[in-house]
Structure formats: C-alpha cells, structure tokens
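User: I would like to go through this protein chain step by step. Please take my questions one at a time.

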Amino acid sequence: MTFYADKAEWKDVIPIPLPHNGKEPVVQIMYSDRFKRCLQLYGSYNAEKRSTVKRALALTADAIDCNTANYTVWHYRREILRNLKLGLEEELKFTESVIIDQPKNYQVWHHRRCIIELSGDSSQELSLTEYTLSLDAKNYHAWDHRQWILTQYGEWDKEKEFIDGLLETDLRK
C-alpha cells in the first residue's frame with residue numbers, strides 16, 4: 001500500500017505522532033494504518049495553516065473514505081471549505097456519494113446540512129431524501145434532514161403528495 005510519504009507532493013510534510021497520555025487505553029480503537037497516517041499528516045499542519053491548504057481537503061477525503069463516522073474529520077473538512085472559499089457544488093456531490101453508500105451515517109448528514117447553510121442551495125435535498133427513503137422509509141437521518149429542509153426553506157409544495165405516496169406503498173397496510 002502506498003502511503004503519503006511515498007507521494008512527492010507530501011514530501012515536505014512531516015507526520016506527527018497521534019496524541020496519547022502515556023497510558024494504555026482501556027479500549028484501543030483499531031484505526032487502519034491509512035487512517036492513522038492521514039491524521040498524522042493533518043495534525044502536522046498548525047491550526048491556522050491546515051485550514052487554508054487545499055491538499056488538506058484531499059487528505060480529509062481519504063480519511064473519510066477510511067472512516068465516514070469520524071466527526072472530527074468532517075469538522076476539519078468544513079474548516080477548510082470555509083477558509084478556502086471554494087465552490088460548494090463539488091462538496092454536495094461528495095456528500096451525496098457518501099450518503100448513497102451509507103444513508104444512515106449521522107456525520108455526513110450533519111456535514112451536508114452545514115454545507116447547505118453555507119451555500120444556501122437546497123434544490124437537491126428533497127430528491128436526495130426521497131431516494132434514500134425509497135431504500136428505507138424509516139431512515140431517521142433522511143427524515144430529519146427532510147424536515148429541516150422543509151422547515152428552513154419552506155419547500156412544502158409537493159410534500160403532501162410525497163407523504164400520500166409513501167402511505168400507499170407502506171407494507172404494513
């Protein structure tokens with residue numbers, strides 16, 4: 001497996017060891033070597049610099065690929081996006097791909113909500129939640145996101161029709 005140390009664009013970054021308090025933890029989290037390496041490299045940037053370096057965004061994508069439930073990595077990603085003032089369309093595509101793969105992942109839904117707040121573009125949200133609810137009509141995360149969109153952006157026009165359709169196809173009739 002190729003690690004970042006083997007990549008020319010990362011030769012100037014010295015990874016720092018992951019922090020620990022010197023004691024063996026009661027329960028050790030079994031992170032993959034790839035995930036640990038991502039965190040070590042990300043940590044090597046000082047707090048100011050890490051949120052303004054575009055390649056750090058790629059690093060967070062790799063860490064998310066290793067562990068989509070790591071809230072801290074999603075937070076780092078938002079910091080970078082805010083500070084670099086990048087267009088958020090690509091980020092919406094990125095989060096959609098994660099949601100389609102893992103529709104019950106709270107962290108990605110929360111991150112997507114933050115991106116919608118930054119961009120103000122909620123145009124894809126009802127169709128995304130409709131799709132995820134077609135996979136599992138009881139997906140709490142999709143329902144929560146949908147309710148937030150409806151409440152925040154007032155997109156109630158077709159909601160009764162959507163709910164009626166779900167009620168008609170409910171297997172528990």
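This is a predicted model: local features need pLDDT of at least 70, side-chain atom pairs count only at pLDDT 80 or more; totals for chains, interfaces and linings use all residues.

User: Which residues have the most contacts inside the largest nonpolar core?

Analyst: The largest nonpolar core has 33 residues. Helices H1, H3, H4, H5, H6, H7 and H8 each supply at least two residues of this core. Inside the core, the residues with the most contacts are Tyr42, Leu59, Val108 and Trp109.

User: Which residues does Val108 touch, not counting residues up to four places away in sequence?

Analyst: Val108 is among the core residues with the most contacts, and helix H6 covers 106-119. With residues up to four places away in sequence not counted, Val108 touches Trp74, Thr95, Val98, Ile99 and Gln102.

User: How many residues of each class are in the lining of the largest cavity?

Analyst: The search of the whole structure finds 1 cavity of 30 Å³ or more, and the volume of the largest cavity is about 40 Å³. Its lining consists of Cys38, Leu39, Tyr42, Leu59, Thr60, Ala63, Val73 and Tyr76. H1, H3 and H4 each supply at least two residues of that lining. By class, the lining holds 7 nonpolar, 1 polar and no charged residues.

User: Is His145 buried or exposed?

Analyst: His145 is found in helix H8. Leaving aside neighbours within four places in sequence, His145 is in contact with Trp109, Arg112, Arg113, Glu125 and Thr129. Buried means under 20% relative accessible area. The relative accessible area of His145 is 1%, so His145 is buried.

User: Is Cys66 buried or partly exposed?

Analyst: The limit for buried is under 20% relative accessible area, and exposed means over 50%. Cys66 has 28% relative accessibility, so Cys66 counts as partly exposed.

User: Is Cys114 buried or exposed?

Analyst: The cut-off for buried is under 20%. Cys114 has a relative accessibility of 10%, and therefore Cys114 counts as buried.

User: How many disulfides does the structure hold?

Analyst: A disulfide is a covalent bond between the sulfur atoms of two cysteines. To count as one here, a pair of cysteine sulfur atoms has to lie within 2.5 Å. The number of disulfides in the structure is 0.

User: What is the phi of Lys85?

Analyst: Lys85 lies in the loop between H4 and H5. Because its relative accessible area is 71%, Lys85 is exposed. Lys85 is not a glycine, although its phi is positive, at about 55 degrees.

Notes:
Residues are numbered from 1 along each chain as its sequence is written. Side-chain values use heavy atoms; hydrogens and water are left out. A nonpolar core is a set of buried Ala, Val, Leu, Ile, Met, Phe, Trp, Tyr and Cys residues joined through side-chain atoms within 4.5 Å. Buried means under 20% relative accessible area, exposed over 50%, partly exposed in between (1.4 Å probe, protein chains only). Helices (H or I, at least four residues) and strands (E, at least two) are DSSP runs, numbered from the N terminus. Contact means heavy atoms within 4.5 Å. On a 1 Å grid over the protein atoms alone, a cavity is a set of points where a 1.4 Å probe fits but cannot get out, and a pocket is an open set with protein on both sides within 12 Å along at least five of seven lines; lining residues have an atom within 4 Å of a point. Grid points are joined across faces, edges and corners, and a volume is the space filled by probe spheres set on the points. Ala, Val, Leu, Ile, Met, Phe, Trp, Tyr, Cys and Pro count as nonpolar, Asp, Glu, Lys and Arg as charged, and the others, Gly among them, as polar.
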